[in-house]
Amino acid sequence: MNRPLVIGNWKMNLDYVEAVHLTQQIGVIVKNKPLEHVDLVVVPPFVDIRSVTSVVESERIAVDVGAQHASVHDAGAHTGEISVSMLQRLNVKWILVGHSERRAMYAMTDEVVAQTLRAVVRQGVHAVLCVGEELDVRRDDGHLDFVTAQLHAALEGLDEKWRPLVTIAYEPVWAIGTGLTATTEQVRDMTEHIRAVAASLSLGEARVLYGGSVNADNAASLISEGRVDGFLVGGASLKADSFLAIGQAAHDCYAGKR
Ligand code: PEP
């Protein structure tokens, strides 16, 4: 098992005051009970990032700060966009690439996902590539091929020096925000498949996360039976105790306590 990575995607929730409050709550809990075997990342909305990194740095909280998206462009006439270098200046270490909500609602094609991933890693920032099928694809038993195609589209030909910056998050669209967590067997089968495809693309070392209605109750079995290297968490990351309970489950599995 790779060292676990647990990422909280706050999506379009929490203004900067609420974001600071949640960050401080996370700080209090991890100081009392450090999760030394887990990498923790919080991913606030863009407008909260500066405030969150200030709290993390001034209070020396053991979490990294990420961003939910970035432009493929570095600067210029792209109204409403935010570049990777702007995020990097804010000490952002991780950027989600191709989250299913961006693919579905903001026309993020496989081609744009591939370009964004390159824009991220070229700046030395970690890219969390999100892949996963819709429910109809799974019902038709096309999920393995679908995810294979997404991985090839995003990762084929990626320069060797950027590969260590790639993490893959398997997020079946039907499990996101629905309470319908994939079973541990479904997660294990897909995780093994993703690892094989990644290895064929010379990315065999990449961490493979699961996302989709993860909570404090299902995290341990998803790690031990689903064999994931951690989680991308949405709803349960909006409360410090539920987010860190997931982190604790990952920590204990890695430390061999479960
Ligand atoms: C997500 O949006 O990446 C996600 C996994 O959300 P949730 O945990 O709420 O299903």
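## The largest pocket

The lining of the largest pocket, sorted by class, comprises nine nonpolar, five polar and four charged residues. The model in which this pocket is found is a predicted one, and the volume computed for the largest pocket is about 500 Å³. Its lining is made up of 18 residues, of which Lys11, Met12, Gln68, Arg102 and Tyr106 are the closest to the pocket centre.

Among the elements that contribute to this lining, helix α4, which spans residues 100-105, gives the most, with three residues.

## The second largest pocket

The second largest pocket has a volume of about 190 Å³, and 16 residues line this pocket, with Gly177, Ser213, Val233, Gly234 and Gly235 lying nearest its centre. By class, the lining of the second largest pocket holds five nonpolar, nine polar and two charged residues.

Ser213, one of the residues nearest the centre of that pocket, belongs to the loop between β7 (208-210) and α9 (219-224). The backbone of Ser213 has a phi near 55°, which is a positive value in a residue other than glycine. In general, most residues other than glycine have a negative phi. Ser213 has a relative accessible area of 17% and is therefore buried, since the cut-off for that class is under 20%.

How accessible is Asn91, buried, partly exposed or exposed? With a relative accessible area of 34%, Asn91 is partly exposed, because the value falls between the 20% and 50% limits.

## The enclosed cavity

Lining the largest cavity are Gly98, Ser100, Arg103, Cys130, Val131, Gly132, Gln150, Glu171 and Val173. The elements that give two or more residues to this lining are α4 and β5, the latter covering 126-131. By class, three of the residues lining the largest cavity are nonpolar, four are polar and two are charged.

## Cysteines

Cys130, which is among the residues that line the largest cavity, is buried, with a relative accessible area of 1%. Cys253 likewise counts as buried, at 13% relative accessibility. How many disulfides are there in the model? The count comes to zero, on the rule that a disulfide requires a pair of cysteine sulfur atoms within 2.5 Å.

## Helix α8

Helix α8, formed by residues 184-200, has 17 residues, and the distance from its first C-alpha to its last is 24 Å, close to the 24 Å expected at 1.5 Å a residue. Which residues of α8 are buried? They are Thr184, Val187, Met190, Thr191, Ile194, Val197 and Ala198.

Key:
Residues numbered from 1 in each chain as written. Predicted model: local features only at pLDDT ≥ 70, side-chain atom pairs only at ≥ 80, totals over all residues. Heavy atoms only, no water. Buried < 20%, exposed > 50% of the residue type's maximum accessible area, 1.4 Å probe, protein only. 1 Å grid on protein atoms, 1.4 Å probe; cavity = no way out; pocket = protein on both sides within 12 Å on 5 of 7 lines; lining within 4 Å. Points joined across faces, edges and corners; volume = space filled by probe spheres on them. Helix = DSSP H or I, 4+ residues; strand = E, 2+ residues; numbered from the N terminus. Nonpolar A, V, L, I, M, F, W, Y, C, P; charged D, E, K, R; others polar. Expected span 1.5 Å × (residues − 1).
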